[in-house]
Amino acid sequence: KPVNYGTSAAPIGGVDVQVSVSSHGLFEKTTKVCTMTVKGDGTSELGTCEHSESDDTAVASELPAIDPSTVVQIGKEIYEAIEDNQPTLNTTVDWAGAVPEGVTSWTQLENWKGPVQSDSYYIEFKNFVGMKLTKFAWRFAWKYGGDVKGVGQYVTEAGIEIDTAYAYLSEHLDVQVQSLKPVNYGTSAAPVGGVDIQVSVSSH
């Protein structure tokens, strides 16, 4: 409905923008509609609408509050880095973080630093005559220092980076990474989030 809301001498163009939302499944299909009229002079008028501004406030109040002093884990709790000699690690999604309760994504925090890497560590398996059968070397990596409006220091994208994965022709190497024990290593007023990253290496 494009309409002139002004006069012939001083026209003000306007148009109705309508949003229709449908829900259906086990029950009959239901559709709700919301209409807003926007005008060329910068004003607008809300027409028929199933969802008012007061409803938005109610929804917002139901969102979890962020508690900087309580540290929780995000990301993956457990994943495979090597399966039957083949690398399966995907650092884009294979990581964990220690963030404040109420945070669902590390991007809600600010001032991240890093990533940083540890020294290289390795686990090696040999047979009874000293011949190397399998070896896995890796580095721990993580970002740190994220805060909530200047409060706290937290960790994200904590995991590993593979340096070396070796298996003799007859051997099978598997590596699993687990994240556990999100902890506040600071105080309630100055929280410091942390998480344990555990690497399990199997050879058979």
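Which residue takes a positive phi in the hairpin of β9 and β10? In this hairpin, which has five residues between the strands, Gly130 takes a positive phi near 90°.

The structure is a predicted model, in which local features need pLDDT of at least 70, side-chain atom pairs count only at pLDDT 80 or more, and totals for chains, interfaces and linings use all residues. Residues are numbered from 1 along each chain as its sequence is written, and side-chain values use heavy atoms, with hydrogens and water left out.

Strands are DSSP runs (E, at least two residues), numbered from the N terminus. Two strands pair if DSSP finds at least two bridges between them. Strand β9 covers residues 113-126 and runs antiparallel to β10, to which 10 bridges join it. Within this pairing, Ser120 has Arg139 of β10 as its bridge partner. On to β11 (residues 151-167), β10 pairs in the antiparallel sense over 12 bridges, and here Phe140 is the bridge partner of Ile160. The hairpin of β10 and β11 has two residues between the strands, and its Lys149 takes a positive phi near 50°. Because 12 of its 17 residues are buried, β10 is largely enclosed by the rest of the structure.

**Burial of individual residues**

Buried means under 20% relative accessible area, exposed over 50%, and partly exposed in between (1.4 Å probe, protein chains only).

| Residue | Relative accessible area | Class |
|---|---|---|
| Ile74 | 9% | buried |
| Ser118 | 15% | buried |
| Phe128 | 83% | exposed |

Ile74 belongs to strand β5 (residues 67-75). Contact means heavy atoms within 4.5 Å. Leaving aside neighbours within four places in sequence, the contacts of Ile74 include Trp95, Val99, Val103 and Trp106. The C-alpha atom of Ile74 is separated by 9.9 Å from that of Val155, 81 residues apart along the chain. Phe128, by contrast, lies in the loop between β9 and β10.

**The open sheet**

An open sheet of four strands has the order β7-β6-β12-β13, with antiparallel pairing. Its edge strands, β7 (86-87) and β13 (193-203), each pair on one side only. Strands β6 (residues 78-83) and β12 (residues 173-184) pair in the antiparallel sense over four bridges, and Glu80 has Gln176 of β12 as its bridge partner. Strands of a sheet pair through backbone hydrogen bonds, either parallel or antiparallel.
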